[in-house]
Amino acid sequence: MNKDFANLLEALTGPRAQRPSSISRSGAGTKARLAFDLAKSGRPVGILVRDAAEMAEMRALLGLFNPGLDSE
């Protein structure tokens, strides 16, 4: 895992991360990976998408991180 990504994930999931977080202005792959890792660590996660095409892209990306993940 990239060191910068690991630091970001620690900031979002570490002991001082009590408030909700919002990730914007990042690519779909980054958002999907962060959402997956946050959910895996026990944090509730929601992903907002603009349209059906973006929903399909997110489902595909989340499926890459965990093929058994239920993204519905």
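I started with Arg50, which counts as exposed at 74% relative accessibility. My cut-offs: buried is under 20% relative accessible area, exposed is over 50%, and partly exposed is in between (1.4 Å probe, protein chains only).

A note on the ground rules. This is a predicted model, where local features need pLDDT of at least 70, side-chain atom pairs count only at pLDDT 80 or more, and totals for chains, interfaces and linings use all residues. Residues are numbered from 1 along each chain as its sequence is written, and side-chain values use heavy atoms, with hydrogens and water left out.

Next, I asked which residue forms a salt bridge with Arg50. I found Glu54, with the closest N and O atoms 2.8 Å apart. For a salt bridge I required a side-chain nitrogen of Lys or Arg within 4 Å of a carboxyl oxygen of Asp or Glu.

Is Glu54 buried or exposed? I noted it as buried, at 12% relative accessibility. I placed Glu54 in helix 3 (residues 52-65); helices are DSSP runs (H or I, at least four residues), numbered from the N terminus. Leaving aside neighbours within four places in sequence, I listed Leu48 and Val49 in contact with Glu54, contact being heavy atoms within 4.5 Å.

Then I searched the whole structure and got 2 salt bridges. I looked up Arg33 and Asp37, whose side chains meet in a salt bridge at 2.9 Å, N to O. Both lie in helix 2 (residues 28-40), 4 residues apart, about one turn of the helix. Here I have Arg33 as partly exposed, at 28% relative accessible area, and Asp37 as buried, at 8%.

Terms used: Helices (H or I, at least four residues) and strands (E, at least two) are DSSP runs, numbered from the N terminus.
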